[in-house]
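Here is a friendly briefing to read with the model open in your viewer.

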Amino acid sequence: MIGSRLFPLATTFVIFILAYALCYAQFPNMLSTRVIGNLLTDNAFLGIAAVGMTFVILSGGIDLSIGSVIAFTGVFLAVTMGEGGVPPLFAILLVLAITTAFGALMGAMIHYLAMPPFIVTLAGMFFARGMAFLISTDSVPIRVELYDTLQDLYFRMPGGGRLSFVGMAMLAVVVAGIVIAHFTSFGRNVYAIGGNRQSAELMGVPIARTTILIYALSSFLAGLAGIAFSLYTSAGYSLAAVGVELDAIAAVVIGGTLLTGGSGYVAGTLLGILIMGLIQTYIVFDGTLSSWWTKIVIGLLLFSFIALQRGLVWLSARRRGAAAIPA
Amino acid sequence: MTLPTTIRRVLPQLVALFVILALNTAIAPGFLDIAFANGRFYGSLIDILNRGAPVALLAVGMTLVIATKGIDLSVGAVMAIAGAVAAALITSDHSLAATILATLGVGIVCGLWNGALVAFLGIQPIIATLILMVAGRGIAQLITEGVILTFNDPGLVFVGTGAVFGIPFPVILWVAIGIAASVLFRTTALGLLVEAIGINRRASSLAGIGTSALLLAVYAASGLCAAVAGIVAAGDIRGADANNAGLWLELDAILAVVVGGNSLMGGRFSIAGSLIGAMIIQSVNTGILLAGFPPEFNLVIKAAIIVVILVVQSPASQTLFAFMKSRPRSEEDAAAPVREPEKEAAR
């Protein structure tokens, strides 16, 4: 019997396998390493950002600013490396420092002003997007050697598929996320705050430091996702990545993380990303379905997972109630 | 001061609005001019009232939802659905009355869906409405079949661009709906019951308030307001654009409600405040354009407004304000300990 904690993750896994099997039955080419390689490359930036979102949601919060931070990172890099003539590596370090500080500031506001994360990160979303607009409203191409080198860097899988650099970066971030979530005291603190903030505080979990770190981590990963996105598109555009935060939230929920916080796995988020990517790939393969079906199917999946979570919570509450009566 | 409580409640918002309008007048001298031509009024002030109509309409429903400690992220998507339904029906030769009734009905159904998720399944409002926010635009595109459906029906165009006695019809719509909602919720016990849910839903339920039915009604009202805003937006451009109609307006509507002095924690609300909030946002937008700043500044200034409001509303600064207010009084108390019982009574 699988514990109720693992059940949503197991469901996600089964759905992913079933969906892939269905796709494979219709289009045998879906199982080729080329498709798998593209699946990872196309969703790399979303995956990196979603790992950060997983930590935020595990702590019971939400971060609406990541799409804007991705756009800001892209524009900042394109302009500083292009017109500014800043060395690429320095520009990348600089932008990661800026986004991390930005996230830490939002975390500090959430903690010290005791305001809902929703509205604080909404302000962050407006601010980051506005800053991106102020730097440039054009789509700025990126032409630096470092980008060419990284774009040409890939690992050839058997069957001709390419595991690109951004795809590998996403997998590395997921692994790092799993390690941070389950093998560090920071990870345990995140779960503790998401489970019950008051109990965590009484147990001596450093709430202020952890909250600030969570949002700093989310914005840092959004910055990293912005770099991956600029590698993927070779440009920085201030209107890019609109609504990515919603895709990331959807991926986290489909991945089986409880929206009230305290329960979930980073690995589930990777599965959520892959399921969403699979739907898009299926629509491309089919050719007759329109792209808006993606949104409707993701909406349906979101609904079924939230309903499933509610059902589990209800069941466990009933079981506890039944156990309490004889005692 | 002997101002009526309703006015005193929205006084900070009114002051803010006047300051922004005064700034706009300082920037652009012709700002307050209103001309009358072709049977309607023209001028920057009228333009603010007219352009702010969709956000003002959304803000009415959003105020009620936020008063129950909820939030409705789906209103932008519902606007897109409503515009698509209206355009699809009118282009397939349905009458204007049938089109508008059906569109409003669709808005109510969308709201009921959100309300059912919140009231019966107990899902957090932000997540429950996220589902329709994600799927809604897909549904709208399904209805328009991926194209921008254009129409020329004079009735539907009138809703978006017409004028009655020289006043643009969208303005009349949001003022009328705002007054109707205020009367409905403030002259009856409904407003109090909605606030009770926002303060403590379980306690309200135990006290005999039909919380589920009220939550359904509040979300349905938000859906209805979104549908009206959708018809206005579609009528304005004579077409239904499933991708861009109402895009990010849910955030503007939430901002209008917060600027209007309503707490996101629920439990009290002022529809008039939210409507003034919507006008403040629109005045800032217009002011930025008049000042010759690029419109990109809009987002940064909106962010700054939210931060200022957050700092003012936060529990930490509330304690600080209370502390600064109580200090002179405590000195008074120390000087005249006789007044102790009076203070006790005030508690």
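Predicted model: local features only at pLDDT ≥ 70, side-chain atom pairs only at ≥ 80, totals over all residues.

Residues are numbered from 1 along each chain as its sequence is written, and chains are lettered from A and ligands numbered from 1 in the order in which they are written.

**Annotated spans in chain B**
- UniProt, in an unreviewed entry, places "transmembrane region" features in chain B at residues 14-36, 48-66, 73-90, 96-123, 206-233, 245-264, 271-293 and 299-323; positions follow the numbering used here, feature names are shortened, and annotations may be inferred rather than shown by experiment.
- Residues 73-90 of chain B are 89% helix and 0% strand, and the end C-alpha atoms of this span lie 28 Å apart.
- For residues 271-293 of chain B the end C-alpha atoms are 31 Å apart, with 87% helix and 0% strand.
- Helices (H or I, at least four residues) and strands (E, at least two) are DSSP runs, numbered from the N terminus.

**Where the chains meet**
- In chain B, 33 residues are in contact with 36 residues of chain A, where contact means that C-beta atoms, placed from the backbone, lie within 7 Å.
- On the side of chain B that touches chain A, the elements giving two or more residues are H7 (125-144), H13 (249-259), H15 (297-313) and H16 (315-335).
- H7(B) gives the most to that side, with twelve residues.
- The residues on that side of chain B divide into 24 nonpolar, six polar and three charged; Ala, Val, Leu, Ile, Met, Phe, Trp, Tyr, Cys and Pro count as nonpolar, Asp, Glu, Lys and Arg as charged, and the others, Gly among them, as polar.

**Helix packing**
- In chain A, H4 (residues 66-82) and H5 (residues 88-112) pack at about 150 degrees with axes 10 Å apart; axes are lines fitted to C-alpha atoms, for helices over the stretch in contact, and angles run from 0 to 180 degrees between N-to-C directions.
- That makes H4(A) roughly antiparallel to H5(A), a word used for angles over 145 degrees, while angles under 35 count as roughly parallel.
- Among the residues of H4(A) and H5(A) that meet are A:Phe76 and A:Leu77 on one side and A:Ile92 and A:Val95 on the other.
- The H4(A) and H5(A) contact has nine nonpolar, three polar and no charged residues.
- H5 (residues 75-91) of chain B packs with H7(B) at about 15 degrees, with axes 8 Å apart.
- H5(B) and H7(B) are therefore roughly parallel to each other.
- Their contact includes B:Ala84 and B:Ala88 of H5(B) and B:Gly136 and B:Arg137 of H7(B).
- The residues of this H5(B) and H7(B) contact divide into 13 nonpolar, two polar and one charged.

**Two residues to look at**
- A:Tyr215 lies in H11 (residues 207-233) of chain A.
- A:Tyr215 is buried, with 31 other C-beta atoms within 10 Å; the buried label needs 20 or more such atoms, with C-beta atoms placed from the backbone.
- The C-alpha atoms of A:Tyr215 and A:Val56 are 6.8 Å apart, although 159 residues separate them along the chain.
- B:Thr286 lies in H14 of chain B and counts as buried, with 21 C-beta neighbours inside 10 Å.
- Not counting residues up to four places away in sequence, B:Thr286 touches B:Asn24, B:Ser44, B:Asp47 and B:Ile48.
- B:Ser44 and B:Ile48 are among the buried residues of H3 (residues 44-51) of chain B.

Definitions and conventions: Contact = placed C-beta atoms within 7 Å. Parallel < 35°, antiparallel > 145°, perpendicular 65-115°, else oblique. Buried ≥ 20, exposed ≤ 12 C-beta atoms within 10 Å, placed from the backbone.
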